[in-house]
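Here are a few friendly notes to read alongside the model. Have a look first, and then we can go through the points together.

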Amino acid sequence: MKYFFLFFLCMSSLTLTAQKVAEIEEPQHAFQLMGGISKDLIGVQDQGYSLGVAYQVYFPKRFILGVEVATDQSSYQKLSTIYSAKDRWDKFTGFSGAVRLGYQIVNRKYIDFSFSAMPQIYHRSHFIKTRDKETKEEETEIENTTFFSLPLLANRFEFNYKISPAHAVGFVFDVHLDFDTNIFGDVIASKAFMIGRAMLSYRFVLPNN
């Protein structure tokens, strides 16, 4: 994930000074497809993959308003069970719905760069599979938890290269720190979940009538 971020910094620094500012006179509506890797940043999971689709509006004053749905998926990972009579594996799947409140720091003819704060609701299913080492019997437990986040700072950064006025490809980086609903009643018993994503993206801007 860090190599994606370093590449993004290099690309933006090389192209920023050579571009003219691209101002828009009326709101632009766009759809965006995203796909890449994800990582549970405070758990024991290895990285998985993420897919997402978004609809967003770019306003003349560079503000961005949008909605997004995404999913994160990981494969089963074996846990350490040296002193246990059972082998254990776990994985998670997650689905999120988010609102994008963003601002374009840079909007040039061929590139743009923006940051956003993204409140979201995140539903995670944690699968734990166990197998008895002697009998080979298997069991699977599923723990479902709903999380939410209300970020006070920007948690998404996005860089796009404009192939044409309607088409752009780019990189999306975000980190979400989510809390379950127990935080309103019992802070100690509440759970936290932090996931990071590094994704490639394709954006299609709808033509204005």
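How much space lies in the largest pocket?

1. The largest pocket holds about 340 Å³ of space. A pocket here is an open set of points on a 1 Å grid over the protein atoms alone, where a 1.4 Å probe fits, with protein on both sides within 12 Å along at least five of seven lines; lining residues have an atom within 4 Å of a point. Its lining comprises 22 residues, and Gln28, Lys162, Ser164, Pro165 and Val205 are the closest to the centre. Two or more lining residues come from each of β5 (86–107), β10 (167–180) and β11 (192–205).

2. Please keep in mind that this is a predicted model, in which local features need pLDDT of at least 70 and side-chain atom pairs count only at pLDDT 80 or more, while totals for chains, interfaces and linings use all residues. Residues are numbered from 1 along each chain as its sequence is written, and side-chain values use heavy atoms, with hydrogens and water left out.

3. Do look at Ser149, in strand β8 (residues 138–149).

4. Seven residues form the largest nonpolar core: Val106, Ile111, Phe113, Phe159, Phe171, Phe173 and Ala198. Such a core joins buried nonpolar residues through side-chain atoms within 4.5 Å. At least two of its residues come from each of β6 (111–117) and β10. A second, separate core has five residues, among them Tyr122, Phe147, Phe193 and Ile195.

Methods. Helix = DSSP H or I, 4+ residues; strand = E, 2+ residues; numbered from the N terminus. Points joined across faces, edges and corners; volume = space filled by probe spheres on them. Buried < 20%, exposed > 50% of the residue type's maximum accessible area, 1.4 Å probe, protein only.
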